[in-house]
Amino acid sequence: MTDAPSRAGLGLAAALAALLAVAGGGAFWYAARQNAAANSGAVADITVSVDAQSCDPGDITVAGGRRSFEIVNNSDRPIEWEILDGVMVVAERENIAPGFRQTLTVQLAPGDYAITCGLLSNPRGSLHVTASDEAAAAASQVTLRKFLGPLSEYRVYLVMQANAAVKTAQALRTAIAAGDLPGAQQAWKAARIPYRHIEPLASRLSDLENAIDPNAAYLAGREADPGFTGYHRLEYGLFGQAGTDGLLPVADRLIADLQDLSTRLKAVDLDPALLTALPGAAAGQLATAHVPAGENLYAGNDLEELQASLDGIGKLAGLLRSVAAGVDPALDDDIGAAQAQVERDLAALKQGGGWPAYDQVPDDARHRLAASLTAFQAVLDRLQPVIGLD
């Protein structure tokens with residue numbers, strides 16, 4: 001257990017927290033400007049307005065197929081909007097700043113879905129997708145045989161990385177139990193890497209995602225909210241409050257949730273449509289949410305985690321390129337070129353061979369990285385129509 005911090009130390013921590021809040025607000029504004037510009041020409045099938053308590057409309061019916069939704073944030077908090085099939089996230093948009101909007105386009109199969117409406121504690125809305133010729137045609141184009149290799153290899157990758165996430169979280173718990181703050185801070189950074197490798201799929205399991213990796217900005221009580229658990233609650237304690245007191249139950253809960261995640265990833269239904277949607281969606285999430293605003297507001301190690309995320313996306317993209325190469329060699333080349341550009345833009349941010357704190361990354365560099373990730377997403381999203389899934 002660590003010693004109680006001095007009054008001067010508490011004052012410094014409070015000042016740093018205030019600076020982080022200001023920086024975070026500026027980053028959300030920056031992200032909103034970029035997202036609004038990116039979506040300024042989009043024409044959506046449905047416009048959904050989200051206020052402090054609900055969505056309008058909260059009960060939506062559309063025909064199956066490729067549909068677009070314009071999400072307007074009429075609340076005073078940044079929001080995320082998700083389409084859920086049970087606990088699985090079908091598609092989402094994060095970091096929609098107050099007064100701004102984003103457009104989400106997604107291939108929808110007939111069925112009943114839930115939609116989130118701002119804060120995670122708000123009541124959910126409903127999305128009803130009816131049968132259509134477009135949806136039937138998309139479903140009939142899926143050919144499983146050519147995906148058997150990538151599906152099998154990706155499942156092995158998921159299992160290995162999920163096991164690594166559990167082991168690194170256990171090492172983090174050991175450091176917290178010993179009251180070793182520097183050791184726990186380093187263990188926290190190490191524990192995030194395997195999770196970022198599998199986040200493209202792990203983030204689709206909404207109940208576990210909301211326990212393992214919730215962002216305080218999306219919770220009514222922010223850092224004081226009972227729902228603030230998982231990695232970022234530990235980050236807040238270790239880096240924001242500079243102590244280990246009270247964190248052992250949080251670490252225990254994280255290990256249990258990661259063990260649950262590992263079990264569920266072994267059994268998750270990996271179909272070709274999901275597999276081809278994951279890498280582009282993950283690149284888009286980085287471009288619109290993580291890069292502009294930052295995610296680790298207390299640890300500041302966003303660049304290291306962005307590299308881990310890119311490695312995870314690259315693993316999946318590489319498997320899918322093996323399918324696309326025989327159908328459209330030009331697309332294979334385009335994916336490789338777009339990924340290489342993201343890698344260059346990210347590597348250019350290193351200082352002295354290491355990653356600087358994210359608050360040292362200027363807006364123009366964030367904009368370049370977000371733009372290259374957006375271009376990467378656009379190329380990856382061509383996979384579905386090219387190899388017969390869309």
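**Aromatic rings chat**

Me: Is tyrosine 231 buried or exposed?
Reply: Tyrosine 231 is buried, at 0% relative accessibility (buried is under 20% relative accessible area, exposed over 50%, partly exposed in between; 1.4 Å probe, protein chains only). Bear in mind that this is a predicted model, where local features need pLDDT of at least 70, side-chain atom pairs count only at pLDDT 80 or more, and totals for chains, interfaces and linings use all residues. Residues are numbered from 1 along each chain as its sequence is written, and side-chain values use heavy atoms, leaving out hydrogens and water.

Me: How many aromatic pairs are there?
Reply: There are 6 (Phe, Tyr and Trp rings, the six-membered one for Trp, with centres within 6.5 Å; planes under 30 degrees apart are stacked, over 60 edge-to-face, the rest tilted). Tyrosine 154 and tyrosine 157 make a stacked pair, because their centres are 6.1 Å apart and their planes at 20 degrees.

Me: Where do those two sit?
Reply: Both are in helix H3 (residues 148–177), 3 residues apart, so about one helical turn separates them. Helices here are DSSP runs of H or I, at least four residues, numbered from the N terminus. Tyrosine 154 is buried at 0%, and tyrosine 157 is buried at 13%.

Me: Back to tyrosine 231: which ring does it pair with?
Reply: Tyrosine 195, with centres 5.2 Å apart and planes at 50 degrees, so that pair is tilted. Tyrosine 195 is in helix H4 (residues 181–202) and tyrosine 231 in helix H6 (residues 230–240), so the pair ties together parts 36 residues apart in sequence.

Me: Which charged end sits over tyrosine 231?
Reply: That of arginine 192, 4.9 Å from the ring centre (the rule: NZ of Lys or CZ of Arg within 6 Å of the centre and within 35 degrees of the ring normal).
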